[in-house]
Amino acid sequence: MKKRELSLFKAPQIAESFTEHQAIVLHLGDAYEFLQTIPSDTATLIITSPPYNIGKEYEKRVRIDSYLTQQEPVIEELIRVLRDDGSICWQVGNFVENSEVFPLDIYYYCMFKKKGLRLRNRIIWYFGHGLHASKRFSGRYETVLWFTKGDKYVFNLDPVRVPSKYPGKRHFKGPNIGQPSGNPLGKNPSDIWEFVAQEWDKELWNIPNVKANHPEKTIHPCQYPIELVERCVLAFTNEGDWVLDPYSGVGSTLIAGLKHNRNVIGCDKETAYVEIAKKRIVDFYSGDLKIRPIGKAVYVPTGREKISQVPDEWNKNNKKERQ
Ligand SMILES: C[S@@+](CC[C@H](N)C(=O)[O-])C[C@H]1O[C@@H](n2cnc3c(N)ncnc32)[C@H](O)[C@@H]1O
């Protein structure tokens, strides 16, 4: 929405505890305790990036089995709060100990499955940049496990279709021969999603001549892009539904939901993040929040930038080796 259109709306109030009469609930406190105050069958979408137990400033690193045991009661509460036609999107990466990788989605899949949820997609969130490993291949994706509570669930494909690569393709045989074979609204976005990640933002800071940095970046060390949530909000909910994030950080989920006229519930235990989330919501309604537009192409170097050219030293070495 443009700033002018947005400013026509008055920012609604942000409630601290759940009430179905307020469109925005943002609670400062512990997720498990807060979830107990929400009625059953409320949320159509629960989407979150839980703490990964990797020693970030907001978490105490514990053994993987203790971490998962701590998460289990939270997940039970989330399933209670989820509507029968609702979805849970659980966005995780890896826990790493002594250079051994523990893919969290594998552990979480078993936990959700045991509690009766059904996996619809294991979405790969791919990003082209990140930390460089030296004793294994560098990790360049995380996953979003999309579960539903039942077999009847909200799924709107049309609002999240993406432009097709070959829209001019036609049926070459059969009754529709000669007719366009694709969908005019675009193609299914598939289960591999490419969105700009945090690490990429950091690299952008270091690239001379590239003025842009990710517009959504705050002080949070593990923020996910609003765009990633938007796709889930559009596909798995309808206007007026409740979207819940029990670990809402700086409010990326809440903004994605509000942008598409959903009601939102968030919770985080860190005062600083909750305060930033509130400010981002206010800025969103005044039109001052910078959001990376949904569907904006990921930056591809043209080859003319200094940073995308092979360093001269390497060229010299190559020449010597060839001699
Ligand atoms: C991976 S971050 C989520 C970031 C969020 N997706 C965003 O874009 O801002 C996990 C969040 O969980 C919060 N957290 C950790 N343990 C918590 C708990 N027991 N209750 C509530 N929040 C918690 C942390 O403060 C952190 O902000």
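**Reading a helix pair and a ligand shell**

Tutor: The axes of helix α7 (residues 252–259) and helix α8 (residues 271–286) come within 9 Å and cross at roughly 25 degrees. α7 is therefore roughly parallel to α8, a label for angles under 35 degrees. This is a predicted model, in which local features need pLDDT of at least 70 and side-chain atom pairs count only at pLDDT 80 or more, while totals for chains, interfaces and linings use all residues. Residues are numbered from 1 along each chain as its sequence is written.

Student: Which residues in α7 and α8 meet?

Tutor: Two residues are in contact if their C-beta atoms, placed from the backbone, lie within 7 Å. From α7 come Leu-254, Ile-255 and Leu-258, and they meet Ala-277, Arg-280, Ile-281 and Phe-284 of α8. By class, this contact has six nonpolar, no polar and one charged residues.

Student: Is Lys-278 buried, exposed or partly exposed?

Tutor: A residue is buried with 20 or more other C-beta atoms within 10 Å of its own, exposed with 12 or fewer, and partly exposed in between. Lys-278 has 18 C-beta neighbours inside 10 Å, so Lys-278 counts as partly exposed. This residue lies in α8. Beyond its neighbours within four places in sequence, Lys-278 is in contact with Ile-14 and Leu-26.

Student: Which residues come nearest to the ligand?

Tutor: A residue is counted around it if its C-beta atom, placed from the backbone, lies within 6 Å. Of the 19 residues around the ligand, Ala-31, Tyr-58, Tyr-247, Gly-249 and Ser-252 come nearest. The shell has nine nonpolar, five polar and five charged residues.

Terms used
Axes fitted to C-alpha atoms, helices over the stretch in contact; angles between N-to-C directions. Helix = DSSP H or I, 4+ residues; strand = E, 2+ residues; numbered from the N terminus. Parallel < 35°, antiparallel > 145°, perpendicular 65-115°, else oblique. Nonpolar A, V, L, I, M, F, W, Y, C, P; charged D, E, K, R; others polar.
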